[in-house]
Amino acid sequence: MTPDQGQHDQLAATWRDPPGLWGFLVTVDHKRIAARYIVTALLLLFLAGMLALDMRWQLSVPENTRMSPQLYNESFSLHGSTMLFLVSVPIMEAMAMWLVPLMLGARNMAFPRLGAFSFWLYLGGVLTLWIAHAMDITPDLGWFEYPPLAGPNYSPGHRADIWAQMITFTEVAALCASVNVTVTILKMRPPGMTLARMPVFLWAMLIASIMTILSMPAIMLVTSMLISDRLVSTHFFSAAAGGDVVLFQHLFWFFGHPEVYIIFIPATGFVSAIVETFSRHRLFGHSVIVLSIISIGALAFGLWVHHMFAVGLPRLGNDFYTAASMAIALPAGLQIFCWIATIWSGRPRLDTPMLWMLAFFATFVIGGLSGVMTASAALNLQLTDTYFIVAHFHYVLVGGALFPLFGAFCYWYPKATGRLMSERWGKVALAAIVGGFNLGFFPMHLLGLLGMPRRVYTYPAGMGWDLLNQIATAGSVISVLGGLVFVANAIISYWRGAPSGPDPWQGSTLEWATGSPPPPWNMDYIPVVHSAAPLWDDEPRLPVMQGLANDHREVLITSVTDSAPIYRHKSSGPSIWPVIAALAVSVMFIASIFTAWAVPIGTALIGVALTGWFWPQRGRATTGPLGVRS
Amino acid sequence: MNSPREIEIVGNVADLPTSASGPRHLVWWGNIGFMVIEGTGFALAAAAYLYLMTQAAAWPPKGDQLPGLLWSGIFTALLLVSEVVAIWVLRRARAHDANGVRWGTLVMSLFGLALLVPRGFEFAHLGVSWHQDAYGSVVWLLLVLHTTHIVTELGECLVQTAWLFTHRIGDDQFCDVEDNCNYWTFVVLTWLPIYTLIYWAPRAI
């Protein structure tokens with residue numbers, strides 16, 4: 001049978017947003033919120049890319065005076081902070097926010113208002129940093145802002161304060177998103193989707209979210225300590241008063257190293273989904289990949305010191321962290337072999353999403369190998385703060401996360417829009433981006449080995465660095481041009497792309513069982529799952545359950561391990577309170593840079609907003625009259 | 001495959017309840033998530049304290065006094081007593097006892113208010129200001145972090161009390177009371193290691 005039209009209409013009335021601007025502000029539809037997240041992050045990716053191109057332009061010839069040292073410092077600080085805090089982590093969370101309920105066959109996230117709050121707060125962080133840039137108070141000490149340089153003595157003004165508060169904004173947003181994703185995956189899986197049957201993508205998002213929950217408090221704590229050193233004269237990092245700057249580095253990298261994997265692990269989810277679909281073959285070693293992801297997640301917390309080899313820590317510590325850093329290559333390698341085995345066993349189709357995965361394999365392996373090199377304390381001491389490190393982490397982050405993300409964008413674009421992207425222009429963009437990237441960043445390995453330091457605004461002639469810098473700049477230009485083709489393809493395809501239908505790639509997971517684009521309630525019925533590839537195994541009919549309310553927003557809650565139905569949960573509808581709460585938090589964070597009064601006033605405002613948010617809705621009471629024991 | 005997928009109805013969830021309690025409830029998990037976040041924050045702040053302690057020649061540094069034990073002791077005793085109330089309210093919530101949770105949450109609110117008094121004196125008797133040295137900074141950090149949780153919990157209790165006395169209480173609100181009690185327990189449990197660090201670690205070394 002096919003879904004019933006009457007039920008469809010009732011669901012549409014229940015789940016639609018109010019019209020106009022009000023609907024835009026109050027929506028709690030996970031897809032709309034995630035789309036805003038993704039578009040904002042992609043816009044920032046473009047802006048950060050322009051900054052990178054500007055810096056490359058500056059370095060294309062020796063002794064260039066086009067940029068001042070101060071402007072160069074601001075550029076790499078803004079580029080790094082934007083890419084790591086405002087693009088990489090948020091866009092992965094946004095992908096989870098968009099996809100997780102669809103892949104679960106659920107009607108929304110576990111906490112719809114928390115999702116909306118997360119976006120508005122993230123936007124607050126974005127605006128804080130970039131409005132500060134427009135006002136010429138751009139942070140200028142790198143994406144890490146180490147004290148004592150970032151302390152009150154060496155960094156007067158508000159540049160470092162802006163950076164610290166931007167971090168707090170984005171980390172609170174990330175933590176809210178992570179709790180939301182974690183609980184959604186644990187408690188809203190469809191009947192039958194046991195943990196063993198969960199697609200790798202969901203496992204990846206679950207592990208990345210748990211890692212976020214465990215690591216991000218460190219960066220919030222350390223930036224709060226930094227800003228209190230700056231604004232209220234505490235001495236956490238002041239050596240003269242018993243503080244220690246290495247404490248900053250420990251806390252920063254306790255977050256900073258897992259962050260790399262918080263970005264990379266979701267990408268492994270993209271790769272697993274795309275490789276399976278385009279190989280037309282069940283994922284080889286599903287359990288091995290899941291266990292690898294869990295191992296990587298655990299090991300990532302034991303590696304932070306490898307960012308501090310040059311600090312002068314005890315020798316034993318260096319040895320331990322060298323071993324731990326190299327150990328992570330094992331689960332990462334296992335995953336690669338499983339993906340290759342899947343392709344090998346299947347009948348691969350080389351459409352654009354799959355080509356992005358092949359680009360990922362090549363690039364990420366190079367990044368992984370240079371990672372094994374830098375994991376060695378002895379070699380690391382020679383390479384620290386050279387261009388070799390710049391090359392390494394761009395290979396890991398761009399090759400390991402951004403290429404799969406581009407592939408994921410192409411893969412799920414038809415689901416989101418109902419249109420296919422142009423294959424021809426997709427391949428042109430891919431060739432330019434991947435080719436330009438390798439031309440741009442591979443020479444940086446050589447520049448690093450030749451001794452060129454990073455974070456320098458220029459260099460003297462005659463060092464043997466000129467040609468390699470020119471090649472790197474040319475590669476960056478080609479890559480950016482490819483990026484423009486990619487964006488143009490996405491925009492034009494939105495209106496002119498061929499209609500995709502619900503399942504253009506014949507995927508195996510549940511999101512392909514609903515319309516393209518999916519309706520606000522995602523699915524008319526609750527799917528029932530018997531394997532990790534339900535759409536391949538339940539041909540031609542999808543088994544479903546009925547019985548969720550259609551006249552109010554309701555979702556099914558299941559048990560954590562075996563995903564057995566427990567109860568029907570009333571889901572939150574549109575609300576303005578997440579916007580107001582995010583506004584109140586923003587007022588407190590930004591104003592506290594300038595006056596201590598912002599803290600009590602902001603706290604009161606937040607209290608009002610949260611009271612409005614959590615005040616139980618009338619009509620939810622189900623037992624007993626007032627004052628009577630039920 | 002490009003047309004809407006054919007479905008086969010194999011079951012019905014209409015007979016399921018519309019609420020649950022404890023770990024079966026969705027919000028319980030969200031509450032746990034935020035406790036893990038905040039617990040990690042406390043653990044890292046404690047690690048910062050221990051790190052600075054191991055770097056220092058003396059702890060507290062010369063010139064700083066040891067933190068006073070009187071008001072912190074009163075605060076700790078009061079907090080432990082309040083936990084008994086929280087556990088009682090939790091049980092009343094599980095039993096769906098409307099009057100029990102109303103009056104119990106009111107008593108928890110009063111405990112929240114009362115706790116702020118010895119906490120204020122604790123700040124005054126720490127023997128060091130936050131801007132004196134790193135020791136002072138980290139001690140104040142730990143105490144401010146915990147006080148923030150007391151204030152947050154107090155706010156939640158007050159709002160919940162107001163609601164419980166003015167509305168009919170349903171299954172979801174009993175779950176909310178449960179979650180609030182669990183969070184109260186979290187605030188109590190996090191205090192014990194912090195109390196040990198601030199007041200007893202300097203005396204033990």
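Analyst: A contact means heavy atoms within 4.5 Å, and among contacts in chain A between residues at least 6 apart in sequence, 80% join residues at least 24 apart. This is a predicted model, in which local features need pLDDT of at least 70 and side-chain atom pairs count only at pLDDT 80 or more, whereas totals for chains, interfaces and linings use all residues. Residues are numbered from 1 along each chain as its sequence is written, chains are lettered from A and ligands numbered from 1 in the order in which they are written, and side-chain values use heavy atoms, with hydrogens and water left out.

User: What share of the corresponding contacts in chain B join residues at least 24 apart?

Analyst: For chain B the share is 82%, again counted among contacts between residues at least 6 apart in sequence.

User: What makes chain A as compact as a globular protein of that length?

Analyst: Chain A is built from 19 helices and four strands, where helices (H or I, at least four residues) and strands (E, at least two) are DSSP runs numbered from the N terminus. Its radius of gyration is 25 Å, close to the 25 Å that the globule rule gives for 630 residues, and chain A is therefore as compact as a globular protein of that length. The radius is taken over C-alpha atoms, and the rule is 2.2 Å times the number of residues to the power 0.38. Along the principal axes, the C-alpha atoms of chain A fill a box of roughly 75 × 65 × 50 Å.

User: Why is chain B called more spread out than a compact globule?

Analyst: Chain B has five helices and one strand, in the order β-α-α-α-α-α along the sequence. Its radius of gyration, 22 Å, is well over the 17 Å that the globule rule gives for 205 residues, so chain B is more spread out than a compact globule. The C-alpha trace of chain B spans about 75 × 50 × 25 Å along its principal axes.

User: How do you know that A:Leu316 is exposed or buried?

Analyst: A residue is buried under 20% relative accessible area, exposed over 50% and partly exposed in between (1.4 Å probe, protein chains only). A:Leu316 has a relative accessibility of 68% and therefore counts as exposed. For the chains as a whole, 63% of the 630 residues of chain A count as buried, and 55% of the 205 residues of chain B do.

User: How many disulfides are there over all chains?

Analyst: A disulfide is a pair of cysteine sulfur atoms within 2.5 Å, and a search of the whole structure finds zero of them. B:Cys175, for instance, is in no disulfide, as the nearest cysteine sulfur, that of B:Cys181, is 12 Å away. B:Cys175 is also called buried because its relative accessible area is 5%, and A:Cys338 counts as buried at 5% relative accessibility.

User: What makes the phi of A:Asn522 worth a remark, and where does A:Asn522 lie?

Analyst: Most residues other than glycine have a negative phi, and most peptide bonds are trans. A:Asn522 is not a glycine, yet its phi is positive, about 70°; the residue lies in the loop between H16 and S1 of chain A and, at 0% relative accessibility, counts as buried. A:Ser563 is another non-glycine residue with a positive phi, near 55°, in the loop between strand S3 (554-558) and strand S4 (565-570) of chain A, and it is buried, with a relative accessible area of 1%.

User: Which peptide bond ending at A:Pro517 is cis, and what is its omega?

Analyst: The bond from A:Ser516 to A:Pro517 is cis, with omega near -10°, and A:Pro517 is found in the loop between helix H16 (466-496) and strand S1 (526-527) of chain A. A cis peptide bond also joins A:Pro147 and A:Pro148, with omega about 10°; A:Pro148 lies in the loop between helix H5 (112-134) and helix H6 (159-187) of chain A.
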